Number of protein chains: 4
Amino acid sequence: MATPFRADESLDVDGFQKSMRFMAEAGCDGATIVGVLGESNRMTDRERETLIRAAVDAVADCGRPFPICVGTSHAGTAATVALSQMAQELGAAAVMVTPTKEPAPASDDTLAEMYARVAEGCPGLPIVLQDHPASTQARLEPALRKLWASELPPASDCTILTGLGALYAGFDMEQGTDGFMTGFAFPEILQAMNAAAQRKEWERAHALYQRYLPLLVFEQQPGVAVRKELYRLRGLIECAHVERSLPGIDVSQPLPASLFA
Amino acid sequence: MATPFRADESLDVDGFQKSMRFMAEAGCDGATIVGVLGESNRMTDRERETLIRAAVDAVADCGRPFPICVGTSHAGTAATVALSQMAQELGAAAVMVTPTKEPAPASDDTLAEMYARVAEGCPGLPIVLQDHPASTQARLEPALRKLWASELPPASDCTILTGLGALYAGFDMEQGTDGFMTGFAFPEILQAMNAAAQRKEWERAHALYQRYLPLLVFEQQPGVAVRKELYRLRGLIECAHVERSLPGIDVSQPLPASLFA
Amino acid sequence: MATPFRADESLDVDGFQKSMRFMAEAGCDGATIVGVLGESNRMTDRERETLIRAAVDAVADCGRPFPICVGTSHAGTAATVALSQMAQELGAAAVMVTPTKEPAPASDDTLAEMYARVAEGCPGLPIVLQDHPASTQARLEPALRKLWASELPPASDCTILTGLGALYAGFDMEQGTDGFMTGFAFPEILQAMNAAAQRKEWERAHALYQRYLPLLVFEQQPGVAVRKELYRLRGLIECAHVERSLPGIDVSQPLPASLFA
Amino acid sequence: MATPFRADESLDVDGFQKSMRFMAEAGCDGATIVGVLGESNRMTDRERETLIRAAVDAVADCGRPFPICVGTSHAGTAATVALSQMAQELGAAAVMVTPTKEPAPASDDTLAEMYARVAEGCPGLPIVLQDHPASTQARLEPALRKLWASELPPASDCTILTGLGALYAGFDMEQGTDGFMTGFAFPEILQAMNAAAQRKEWERAHALYQRYLPLLVFEQQPGVAVRKELYRLRGLIECAHVERSLPGIDVSQPLPASLFA
């Protein structure tokens, strides 16, 4: 989930909670917040805390368990552990940790140790290992092999969730993904595709993928501005504000009509 | 067009010429060679020369003009001019020049001067200004404004061709692109979409986009290995070899069946 | 000033305060903390707060004003302002702000606005504009021109302090630097050089530079490990620990004997 | 050795040959050309050829063997081999090969194979393995271990030459370097230091280092412009021209007087 900001860059906590409830009602199995897409790198730790509390509160009475996963990546290992512990204390069901790219590239041992220390510092808390070499310049695979070879749970206990805006969702499903964890503004589509795939209704899964692929592609445009504008158009957040140092969009231009055909 | 290499990294000139003729027969309006996709950065200047000659020869008797555009980007401005002059002498119809990213980022004046010097060094030769900030970290727009403000032809005389693997083709067509210049392994699909768009048959153009988008997405995978394997499967080149320092693919695995549905 | 960590990566607050007092006694005019050299990117906001309080307390009774400058650079502009306000409230005499390199490179307007917003958010607080294009890929000069042209104090009111480990100190002094702001582990040498330069005793200034240049060069080695080990050898901090993801040094090897001749 | 260009960016072959003879007369044991410092990335292959011929010819009658080492790094492995073979045919005594940084970072196996292929393609030709992780983001050490473990000559047969502008020369000598291979504009100083070090006259070696360190530091300024201007001041090359896309210097300003004290 993206983080909605007002024009003065303060957090739009109401919009954020509304979005959380929307996801729960759309049939999602959970939500991930304060990740890369959530522009966590431009937040203070206090703002992270505010968002975690808000997310956990928003779905507390949604009638079913709705786990909140919190991004806690940080250039410092001790800081990653501290942010993960804060998330766990505030009710997060999991944390998502990306290899730091400073200094680039971290060695396999450093990565393996980072994950081991988060696991040790947060007993019982599931960890999502985010693998995104295009941005982190780190390949997780060798570090993972080291982790599996030591004390961590075996690889067979792992859930594989795919990201990249679900651009490759059709192929991901064929390869056996367990689900999607990505920031697409129409989570009900991902939910429907994944439900079909888990029931092995491949024709339906592929038909959905084919049908909505232009929309998935449209959201692939760099930055988070398009995604935020779609959230705004859906009535979830107040404003599609993106920090001035990031690419924005000209919202005075209508979105392509073909998207809504 | 990608550059086909044999397993010993020598140029597969036959496959390259076969691909050129294939494109001419597929109804393309021309071909671009020795660009970024063509792995020009791993070639010697002699290999560049061999490929330009081979391309020009291959389409010489195809019964209609089939312009060859040659990528001549180089870290040195004088070298860019020299490579462009070589291309012009060997029969290229245009050159394509990308801003160098060394040292990053080049100033607007440096970029404008680079293009002016290529134009001066190659009288009468059209220049394709390749804008790809994701890889070059340079925004062409301010340099272009400086160029238009001086002696170059006015912007209205420019042709806009879109790239990025035609991933956004549906939206590009709506915005008025004049065509596609990108490395998709099924150029007849791009040709058909563009023909429909130029005739303003939007329904057909969008239907084609929607129909073939999974294929366009599949080719978006990083590197040139997937594209080369598709060329090989189409019988155009011998081998999908990609230099060992680049990501390859495991061709012992079948391609997703859904691609060929 | 570097930030001393214990082997378990907790802050060595005692060593940090001891170092602050050492600098005051060595005749420095002030100290800068929580900057790039201070590994601020690996700290939580709470740790930043702890260090600012510790520094201000440590020099409160040193018998003369000893200003503490605090690094508050952050990828988010609002976060930069928030961290700067925290520093001001805790007694910082100035803040140091570096252009963010995410996304690279920020435009001149974005940079100018960032500094303007920090100035607006922290009335009366001097701002150090850190210019280090090698790491930030941003050139401050055009942004500065925009700032001087608007409401900020004129350039003539600025103090120029040079950094880069004082490697170029001899040339900086000749060019009229007002002093040094850098992390060299022997601040008394910088202090002596600067005192000589301010009195225009060029022969003494250059003799000091020439005498201690091997030491300045030795500290230029990448990373902060060498500097921390020198602080430890001087009895200021407990341990030269550097996070595992950063290059460390083999302290079982003696330092070159020639350094201490 | 830097590559001298005239103001129109053509090669100053006369200046280049004069510089080669100057180095031979200064007592150097050889010269390295067309490397990173030589701006080889902005040259066409024909210009590389011209420079190799010119260097070999210039020192042919200098009365003693004066080996020319040629930089042949290239993003393509086959191209690296081809450039190395060209160098060998033209009389080069060795080639210098740097790990490519595209795509970053190359794996250890890729690096090891690259060196093995150059060795195989150029029988009998010594290879200089240039290790400069700051620019290549590749650590050579693991690749080297793989090479030593296989068919290459044992590590004990290697010569270690240090670079980085000889900034750390004093420490390099203490650690047992066999010599310097770097672009300092006063090679006679490096020659004198190294001669002292090889005779274990440490006091003299260190005195020379200390004496000339300000000059070594001055040349550390980014880019090659300062170095070229010093060559020009020494009467070796016509013009300190540096391509416009690279940082230049304002040569209307005098160099610091203290440098020539």
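The legends below describe close-up views of a predicted model. Local features require pLDDT of at least 70 and side-chain atom pairs count only at pLDDT 80 or more, whereas totals for chains, interfaces and linings use all residues. Residues are numbered from 1 along each chain as its sequence is written, chains are lettered from A in the order in which they are written, and side-chain values use heavy atoms, without hydrogens and water.

**View 1. Helix α9 of chain A and its kink at A:Tyr212.** Helices (DSSP runs of H or I, at least four residues) and strands (E, at least two) are numbered from the N terminus. The 18 residues of α9(A), 202-219, should span 26 Å at 1.5 Å a residue, the expected span being 1.5 Å times one less than the number of residues; the end C-alpha atoms lie 24 Å apart, which agrees.

**View 2. A:Ala192 in helix α8 of chain A.** Beyond its neighbours within four places in sequence, A:Ala192 contacts (heavy atoms within 4.5 Å) A:Arg204 and A:Leu208. A:Arg204 is twelve residues away in sequence, with a C-alpha to C-alpha distance of 9.2 Å.

**View 3. The open, parallel sheet of chain C.** Its four strands follow the order β1-β2-β3-β4, where pairing requires at least two DSSP bridges. Three bridges join β1(C) to β2(C), residues 68-71, and C:Thr32 stands opposite C:Cys69 of β2(C).

Technical notes. Bend = angle between axes of the 7 residues up to and from the residue.
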